[in-house]
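Me: Could you take a close look at one part of this model for me, the place where the two chains meet? I'd like one connected walk through it, with whatever lies around it.

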Amino acid sequence: MAVLVVAEHDNASLKDATHKVVSAAQKMGGDVDVLVAGHNAGAAAQAAAKIAGVRKVLHADGASLDHQIAEPMQALIAPLTAGYDAVLFAATTTGKNVAPRVAAKLDVMQISGVTGIEGADTFVRPIYAGNAMLTVKSRDPKKVLTVQPTAFAAAGEGGSASIETIPAPDGPFKSAFEREEIVKLDRPELTGAKRVVSGGRALGSAEEFHRVLEPLADKLGAAIGASRAAVDAGYAPNDYQVGQTGKVVAPELYVAIGISGAIQHLAGMKDSKVIVAINKDEEAPIFQIADFGLVADYKTAVPELLAALEKAGV
Amino acid sequence: MKVLVPVKRVLDYNLKVRVKPDGSGVDLSNLKMSMNPFDEIAVEEAVRHKEGAPNLPNSHYKAGAVTEIVAVSIGPEQAQETIRTALAMGADRGVLVKADADLEPLAVAKILKGIVEAEQPQLVILGKQAIDDDSNQTGQMLAALLDWPQATFASKLELTNGRASVTREVDGGLQTLAVELPAIVTTDLRLNEPRYASLPNIMKAKKKPIDMKTPADYGVDAAPRLAVVKVAEPPKRQGGAKVKTVDELVAGLKAAGVI
């Protein structure tokens, strides 16, 4: 049994999601190798070699892999799978984009957003926005999975795997990178953050969204998230969206402000350790899953909360 | 250019699913079914590139960029209604591939490949995921089977001179790709806001043709690769506790060790 984990990284650094997918791979049993596919991604490959329990790092480096576009990633990964029984990706936008392409090339039915591993061929995943949990057994000779990183503890450091350089595919490819607008934040990344402060439609405008949430997020050292309604209304950028079709988070503390709690939003945050909800509508469904519900207008409650946190020495 | 838009019949967005007590699946009997919301966005996008969007100021949609829209559904007889919805929104004709069992995304992608080979569209626009099985696979699989480029999770689609420029919603923000046509695009939520079909258009849609097919017409073995072991309720979260004041909240958070 050998499992290949496709690393989540931005060339400069390895993302924590990789450690979590490695730990999922270890639950399947057997050897775990990590593929770092990128451009000038030496630092990410070095970091992958230090993950505890990794046998070998495969490092493919070239211009075609700079943005991990689906076509060259598939051209690289599909042939590599010959030596493996399973290929695991993080269920991030990169993994979700590439994994099904690899699976179809291998004539394998992929299993998406895996939250539980019950053996080498049996997996648990949420369906219907997390309102049902499906356990499936794969009959395919190879398994291709995307893994929900928040469902697994991160593998530790302390490994010293060898790094093997492999060639990057050189195309030609029919898709090309044009540009990106990546938001640079001074805050923690949403999916890996220990604390998240999220806002909903009740905030009413983009100005209000930032004015209310940012001081609280800064005070807590938290990432900022949003409900779909807030993103659709233009209060927050798309990469803030927490929910069924956005990001899944499971921080130690999730503070939902002015979020009613549609099932699609709950799907993205209900595994948080402690949930706080502040909403003036006491019937809001978010209260049913909150550990601490405060029926109050955010306009007064959030400044009070900031002052109380200050007083408490946070 | 011709555009193919696959549409899936799913449990309505507003309804909560019930898990069957015997754990064999979910109970959809007597529940309202609708077009998968991401597929509505896909239909709307195709229609805007066909009709233009005169009501949107400075829009990038040009009337005539798309000349024909074929809506495809793979599912039970009732999936015809889903195709009719697409036709009422502005698609020109439909193809229903009748399949009574739930097909896995790989089988769906193989059937769609057969339809693409028959129809020869320049573009296939799909929803990024269906809100029932939440797989998010079919578009990418279809791209792989056809060896076409793909641009998933689109929030903007511009069509120019045999190319598409597609802005994608990615984890860190937005990424724009240039893809050669023919290509696969999958929709994210911010691509557009789908229209409601008008009554005259619903009436007109009844006259638009729908071809009836089966998976065997495309030579696809649709046997499932995954065996369902069980379907269970998710673990219940113990919630519902309220605090009266902010001070009580902060004390509670301290006691819980999260601040």
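Reply: Across the interface of chain A and chain B, 53 residue pairs are in polar contact, counting pairs where both residues are at pLDDT 80 or more. That cut-off is there because this is a predicted model. On the side of chain A that touches chain B, the residues split into 40 nonpolar, 21 polar and 26 charged. Between the two chains there are seven salt bridges. One of them brings together the side chains of B:Arg163 and A:Glu178, at 3.4 Å from N to O.

How much is buried here? Chain A and chain B bury about 7300 Å² between them, and 54% of that is on carbon and sulfur atoms. In residue terms, 87 residues of chain A are in contact with 80 residues of chain B.

You'll find A:Tyr128 in the loop between β7 (122–127) and β8 (132–138) of chain A. Its phi is near 50°, a positive value in a residue other than glycine. As background, most residues other than glycine have a negative phi, and most peptide bonds are trans.

That brings up the cis bonds, with one to look at in chain A and one in chain B. A:Gly171 and A:Pro172 are joined by a cis peptide bond with omega about 10°, and A:Pro172 sits in the loop between β10 and β11 of chain A. Over in chain B, the peptide bond from B:Leu181 to B:Pro182 is cis as well, with omega near 0°. B:Pro182 belongs to the loop between β11 and β12 (183–187) of chain B.

Now for the strands that cross from chain to chain. Strand β11 of chain A (residues 175–182) pairs with strand β11 of chain B (residues 173–180) in the antiparallel sense, over seven bridges. Within that pairing, A:Glu181 has B:Leu174 in β11(B) as its bridge partner.

For context, chain A has another open sheet, seven strands in the order β5-β9-β4-β1-β2-β3-β10, with parallel pairing. Its edges are β5 (111–114) and β10 (162–166), each with a single partner strand, so one side of each has no neighbour in the sheet. The twist averages 25° from one strand to the next. The partner of β10(A) is β3 (residues 56–61), joined to it by five parallel bridges, including the one between A:Val57 and A:Ile163.

Definitions and conventions:
Residues are numbered from 1 along each chain as its sequence is written. Chains are lettered from A and ligands numbered from 1 in the order in which they are written. This is a predicted model: local features need pLDDT of at least 70, side-chain atom pairs count only at pLDDT 80 or more; totals for chains, interfaces and linings use all residues. Side-chain values use heavy atoms; hydrogens and water are left out. Contact means heavy atoms within 4.5 Å. Buried area is the accessible area (1.4 Å probe) that two parts lose on being put together, summed over both. A salt bridge is a side-chain nitrogen of Lys or Arg within 4 Å of a carboxyl oxygen of Asp or Glu. A polar contact is a pair of N or O atoms within 3.5 Å; within protein, one must be able to donate a hydrogen and the other to accept it, and residues adjacent in sequence count only if both atoms are side-chain atoms. Ala, Val, Leu, Ile, Met, Phe, Trp, Tyr, Cys and Pro count as nonpolar, Asp, Glu, Lys and Arg as charged, and the others, Gly among them, as polar. Two strands pair if DSSP finds at least two bridges between them. Helices (H or I, at least four residues) and strands (E, at least two) are DSSP runs, numbered from the N terminus. Axes are lines fitted to C-alpha atoms, for helices over the stretch in contact, and angles run from 0 to 180 degrees between N-to-C directions.
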